[in-house]
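Work through these exercises with the model open beside you. Try each task before you read its solution.

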Amino acid sequence: MPAPSKIRILLADDHALVRRGVRLILDREPDLEVVAEAGDGAEAIEMARTHDIDLAVLDIAMPRLTGLQATRELAALKPGLRILMLTMHDNEQYFFQALKAGACGYVLKSVADRDLVAACRAAMRDEPFLYPGAVTALIRNYLDRVRHGEEAPDQIVTAREEEVLKLVAEGHSSKEIAEILVISVKTVQRHRANLLHKLGLRDRLELTRYAIRAGLIEP
């Protein structure tokens with residue numbers, strides 16, 4: 001029986017010591033192998049062009065191109081590539097931005113020795129990976145918003161507005177939404193304005209985050 005092929009990993013972090021530590025965690029696993037390293041987001045994209053890789057593990061805060069910017073470019077460059085964010089930031093905004101950019105998992109550096117290997121394997125199974133603390137943090141954040149009146153109750157959104165919200169969050173333009181729902185573009189824009197006003201939100205990104213929290217779309 002031939003040995004199963006290893007998961008080929010690109011590792012990007014602007015701190016060489018961090019890369020060395022993460023590489024030690026990954027290379028000691030029989031099914032994982034770091035085949036390329038980068039010190040920033042731009043170099044990560046160059047490495048992805050010149051190496052056969054299955055998975056990219058990217059820091060968020062890097063010079064030249066951040067991990068989030070590199071994620072967007074890598075997702076366009078290599079659509080089948082799985083991408084994990086490895087970060088010190090336990091931050092909801094970064095988490096949602098990472099998912100929106102195309103990452104399939106979010107791992108904290110503080111628990112990398114515990115979570116990173118499992119996250120790599122989950123990514124290759126096409127499963128999202130979210131460290132346990134993030135679930136608690138997101139629920140707590142949501143409940144705090146409700147408690148302080150920042151989160152509008154679901155029932156104030158009409159069924160039609162909910163349809164528009166879901167389609168906006170999925171990335172459709174006003175023209176596309178009008179065609180799908182068989183209404184005018186002006187009506188779509190009115191529903192969108194009503195949603196922003198009712199929910200106390202500012203833009204498409206915040207609508208998307210709300211739609212994820214409301215369970216209208218998958219992250």
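Contact here means heavy atoms within 4.5 Å. The model is predicted.

**Exercise 1. Which residues does I9 touch, leaving out those up to four places away in sequence?**

Solution. 
Step 1. Apply the contact cut-off of 4.5 Å between heavy atoms.
Step 2. List the partners of I9: L26, L32, E33, V34, V35, A36, I53, L55, V57 and C120.
Step 3. The largest nonpolar core has 71 residues, and I9, V57, L58, L84, M85, L116 and C120 touch the most other members.
Step 4. Helix α5 (residues 112-124) supplies that share, with seven residues.
Step 5. In soluble globular proteins, nonpolar side chains tend to be buried together.

**Exercise 2. Is M124 buried, partly exposed or exposed? What does M124 touch beyond its sequence neighbours?**

Solution. 
Step 1. M124 lies in helix α5.
Step 2. Its relative accessible area is 24%, so M124 is partly exposed.
Step 3. Not counting residues up to four places away, M124 touches I7, D54, L55 and R82.
Step 4. Take I7 from that list. M124 and I7 are 117 residues apart along the chain, yet their C-alpha atoms are separated by 8.1 Å.

**Exercise 3. Examine the phi angles of D126 and V182.**

Solution. 
Step 1. State the background. Most residues other than glycine have a negative phi.
Step 2. D126 is not a glycine, but has a positive phi of about 65°. D126 sits in the loop between α5 and β6 (129-130).
Step 3. D126 has 61% relative accessibility, so it counts as exposed.
Step 4. V182 is not a glycine either, and has a positive phi of about 55°. V182 is in the loop between α8 and α9.
Step 5. With a relative accessible area of 72%, V182 is exposed.

**Exercise 4. How do α8 and α9 pack, and which residues meet?**

Solution. 
Step 1. Helix α8 (residues 174-181) and helix α9 (residues 185-199) pack at about 105°, and their axes are 8 Å apart.
Step 2. Angles of 65 to 115 degrees count as roughly perpendicular. The two helices, α8 and α9, are therefore roughly perpendicular to each other.
Step 3. From α8, S174, K175, I177 and A178 meet V185, V188 and Q189 of α9.
Step 4. Sort this contact by class: four nonpolar, two polar and one charged residues.

**Exercise 5. Are T208 and G215 buried or exposed?**

Solution. 
Step 1. T208 lies in helix α10 (residues 204-213). Its relative accessible area is 9%, so T208 is buried.
Step 2. Leaving aside neighbours within four places in sequence, T208 is in contact with A169 and I217.
Step 3. G215 lies in the segment after α10. At a relative accessible area of 58%, G215 is exposed.
Step 4. The C-alpha atoms of G215 and K166 are separated by 9.5 Å, with the two residues 49 apart along the chain.

Conventions:
Residues numbered from 1 in each chain as written. Predicted model: local features only at pLDDT ≥ 70, side-chain atom pairs only at ≥ 80, totals over all residues. Heavy atoms only, no water. Axes fitted to C-alpha atoms, helices over the stretch in contact; angles between N-to-C directions. Helix = DSSP H or I, 4+ residues; strand = E, 2+ residues; numbered from the N terminus. Parallel < 35°, antiparallel > 145°, perpendicular 65-115°, else oblique. Nonpolar A, V, L, I, M, F, W, Y, C, P; charged D, E, K, R; others polar. Core = buried A, V, L, I, M, F, W, Y, C linked by side-chain atoms within 4.5 Å. Buried < 20%, exposed > 50% of the residue type's maximum accessible area, 1.4 Å probe, protein only.
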